[in-house]
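Subject: Structure handover

Hello,

Here is the structure we spoke about. My notes follow below.

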Amino acid sequence: MRLRHLAMALSNLPPHPQRDASLEQYATEGDFAARWIAEIVEQGDLETGTRVVDLGAGNGILGIGCLLAGADSVLLVEQDPQCVHEYEGVEWLIGDVKGWSGTDVDLVIMNPPWGVQIAMADRPFLEAAFSSEARVIYLLHSAKASHIENLAKSFDWGGEVVLSGSFRLPAKYEHHSSHQGMTEVAVWRFKRN
Ligand code: SAH
């Protein structure tokens, strides 16, 4: 699928309701999601048979992006039932990320809570991914986060930033942003050491 078509398909998903500030919902926009998925394809991480799990999936934009780019199966793990919608070819696990088994997965993709509103809210996500059976993990986080590399290392994973950009924040989070409701983000790619 062409990048522009992927971006359009992802932009047309039902929007993340972004109602629950306590769940730290910074939704990814279609254009950025499409660039990210293109990078995953480029890296050769979505070859035939790839089973994808999207942790803290929101409206499923990242997992559905992987599906459209050829993933074999996609599981969307999301605590907020308001985010859930029917989409052919994906399954939902509605509940806390801690309830995910970590099995039957090749690639984890996630833009989890960043732990800005609630300290350490990202930790259960990082721990779930790094202790899962996945062979590759993609993570979007605040570019300011400084704990990620060491945390990965403690689980014997190594990573690098493969994509950077800026995110528009929902109005209710704006006091945390550097200027005009935008904040810098980084996408990491992790492999086992
Ligand atoms: N991945 C989506 C949503 C990002 S916002 C996107 O990129 O657009 C982070 C999501 O994690 C929110 O939808 C929030 O409801 C969900 N979330 C927060 N804490 C959670 C938890 N403990 N278990 C599962 N999902 C959680």
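Which residues around the ligand come nearest? Of the 21 residues around the ligand, they are His16, Gln25, Thr28, Gly56 and Glu78, where a residue is near if one of its heavy atoms lies within 4 Å.

The model is predicted, so that local features need pLDDT of at least 70 and side-chain atom pairs count only at pLDDT 80 or more, while totals for chains, interfaces and linings use all residues. Residues are numbered from 1 along each chain as its sequence is written, and side-chain values use heavy atoms, with hydrogens and water left out.

A ligand oxygen atom is 2.9 Å from an N or O atom in the side chain of Gln25. Another entry is Asn111, with an N or O atom of its side chain 3.0 Å from an oxygen atom of the ligand. At Val97, a polar backbone atom is 2.9 Å from a nitrogen atom of the ligand.

On helix packing, α1 (residues 3-11) and α3 (residues 61-68) are helices in the DSSP sense (runs of H or I, at least four residues, numbered from the N terminus). Their axes are 10 Å apart and the angle is about 140 degrees; axes are lines fitted to C-alpha atoms over the stretch in contact, and angles run from 0 to 180 degrees between N-to-C directions. The contact (heavy atoms within 4.5 Å) is made by Leu6, Ala9 and Leu10 of α1 with Ile61, Ile64, Gly65 and Leu68 of α3.

The axes of α1 and α2 (residues 30-42) come within 8 Å and cross at roughly 130 degrees.

Regards

Key
Helices (H or I, at least four residues) and strands (E, at least two) are DSSP runs, numbered from the N terminus. A polar contact is a pair of N or O atoms within 3.5 Å; within protein, one must be able to donate a hydrogen and the other to accept it, and residues adjacent in sequence count only if both atoms are side-chain atoms.
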